[in-house]
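Please look over the sequence and the model first, then work through the points below.

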Amino acid sequence: MGIAVRELLALDYFREFYLLAGSGGLNKEIQGVTFLEAPDGTRWSRGKELIMSSGYAIAQEPDCIERAFQEGNMIASAFMIKRERYLKKIPERMIELFDEHDIPLISMPYGVAWMDVMEQINSAVINRAFRRFRLKSGTDLLLVRDLSFKEQKIQMMMTAVEEEMGFPAFLYDTSSGESYFSSRNFRRIANQYGLGDWDFIEPGMACTKHTLSDYMEMVRYRMIPTEENPQNPPVSWIQTPIVIDGNVQAYFIVMEARELLDYYDEFSIRVAFLMLHDLYEQVIASQELSNLGFENFIIGALESDVDQETLRRQASLRHLSLTDRYTCVLLRCSAAAGPSLQAVRTELLRAFRHSTLAGFCMLAITGENEAILFIKQDGGPISRNKVRALLRELHDAAAKSIPGLQVDMGGTLRGGTLAEVRSCVDRCRRALQRGSVVFPGRKLVFYEDLGPIAWLDIPGEELELMLRDFRRIMEEEKNIELLKTLQIYLQSNMNYSQTAEKMYVHINTIRKRLDKLSEIITLDLDDPVERLNTELLLQFLELQSGERGPAGDE
């Protein structure tokens, strides 16, 4: 369900938006919103969209609009451009093209936010559709004040469905796990038949299945009477998944408890489905826009010259808290090992939105091959195992749509606030850089795993060289015991007797092992600096069978 350009411009909110060209297309219907900030951005238009632009792409490549028309890529319902952002004057040729093709070209005020425009369009579409369901202002919608815009619209839709058709309705949101009911009638009837919420999505009892619409995947499930209740009239329900970009966002259910739906009821379900589908498309677009705003904030916060006052102002504009604490994880992939993160941006964000992380985490793609995950802390730092589990879920979800993606991760369990993002990300970078040397092959390294090495300013290549000598020795299994003896010897303040007691061997055995080791590698243990370096490096080597270092391999 959409809204005509003419109807949109007639709204009071758009009174300062001016039509520049394309008056012949005012009856075209807008069914979505997209953005043009790259010269070839129209290549990915699906049609019937309102394209919004700051004019940056046009300023960079003035002929990109004409090229889009020539290549048949300008299939939008309308084109909206900010006044005097990058273009002081709209080119005459651009006005001519939009007139020729009857695509409304609209000038929008400089200070209007993208989100405000999207919310206005969203509200106009839904309100018009609701009037078709004859929603009255006095209807008790059973809403609470703190419900989000999305939740309010879903609840209103469910209530309207039952009022219009007389059949109770239910919607299950897959991303949040929330259930929305048209009234108490749905659960009351479901309880009579011993049905839980999930039974309406994946029936666990004997029932028949009949397809009503292949395109919408609309099916009817009907319970089969049991031997215990042969006279009990079977209950049935219509199930329709709401799918956006191949992912199920929600399941829309209408229950047939006493009689089957007639033709007009099925038509009403189709209208309700289209309205819900449109709502979810707008929500996803808003999420993407919100995520872009968050990314811009993080990128700005990482700049060395940004001051705290600017940071507070930018956070306030985006309704971000600078006091909430987050566990931070930096994701980095090698372009040579697979696709870059920017190349699979859409797929990565989609996987993120469909994971449990989306409920309490934020993801910012800050570079061609880097992204930062912010996991909100409630009551203190999050455990290693929980962070690993969350990252594994994100990786598994992303792997389904991004083959070949290889990501290394560095995190800091202590984390920090968004005001401290620079120091948090710096710790993550150290974990990645030094972790690749200290823990080769490990995909996730925490800053806290590095111990004192995290604080020492040792060049990566020098650290790798120092560890390489020890790992070369460990290629012969018999030498592992020698290194283990050296480690305990240093931990015992180079006391032979204490070392022998800890290892349950004779003191002469300790002396012989250390003498043997001195023949293999040159170490000056009388030098306090070299002794300290050796003791630090030994803790990161696998010196016992099954030992994996401080945090285990990933």
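Which residue in S11 does Ser213 stand opposite? Ser213 stands opposite Met218. The model is a predicted one. The protein has 554 residues, of which 48% are buried, and its secondary structure comprises 17 helices and 18 strands. Among contacts between residues at least 6 apart in sequence, 66% join residues at least 24 apart.

**The hairpin of S10 and S11**

- Strand S10 covers residues 207-213 and strand S11 covers residues 218-223; the two run antiparallel and are joined by six bridges.
- Four residues lie between the strands of this hairpin.
- Glu217 takes a positive phi near 55° in the hairpin.

**A sheet of five strands**

- Five strands form an open sheet with mixed pairing, and their order is S15-S16-S14-S17-S18.
- Strand S15 (361-365) and strand S18 (444-446) are the edge strands, so named because each pairs on one side only.
- On average, neighbouring strands of this sheet are turned by 20° against each other, direction ignored.
- S15 and strand S16 (residues 370-376) run antiparallel, with five bridges joining them.
- Ile365 has Ala371 of S16 opposite to it.

**Helices lying across the sheet**

- Helix H10, made of residues 345-353, lies across S15 and S16.
- The direction of H10 is at about 175° to S15.

**Cavities**

- There are three cavities of 30 Å³ or more.
- The largest cavity has a volume of about 120 Å³.
- Residues that line the largest cavity include Leu331, Leu348, Leu391, Leu394, His395 and Ala398.
- Ala399, Ile402, Leu405, Val407 and Met409 are also among the residues that line the largest cavity.
- Which helix gives the largest share of this lining? H11 does, with five residues.

- Most residues other than glycine have a negative phi, and most peptide bonds are trans.
- Asp102 is not a glycine, yet its phi is positive, at about 55°.
- Where does Asp102 lie? Asp102 is in the loop between helix H4 (92-100) and strand S7 (105-108).
- Asp102 counts as partly exposed because its relative accessibility is 33%, a value that falls between the cut-offs of 20% for buried and 50% for exposed.
- Met494 is another residue other than glycine with a positive phi, near 55°.
- The loop that holds Met494 is between helix H14 (478-491) and helix H15 (496-503).
- Is Met494 buried or partly exposed? With a relative accessibility of 26%, Met494 counts as partly exposed.

How values were computed
Residues numbered from 1 in each chain as written. Predicted model: local features only at pLDDT ≥ 70, side-chain atom pairs only at ≥ 80, totals over all residues. Heavy atoms only, no water. Axes fitted to C-alpha atoms, helices over the stretch in contact; angles between N-to-C directions. Contact = heavy atoms within 4.5 Å. Buried < 20%, exposed > 50% of the residue type's maximum accessible area, 1.4 Å probe, protein only. 1 Å grid on protein atoms, 1.4 Å probe; cavity = no way out; pocket = protein on both sides within 12 Å on 5 of 7 lines; lining within 4 Å. Points joined across faces, edges and corners; volume = space filled by probe spheres on them.
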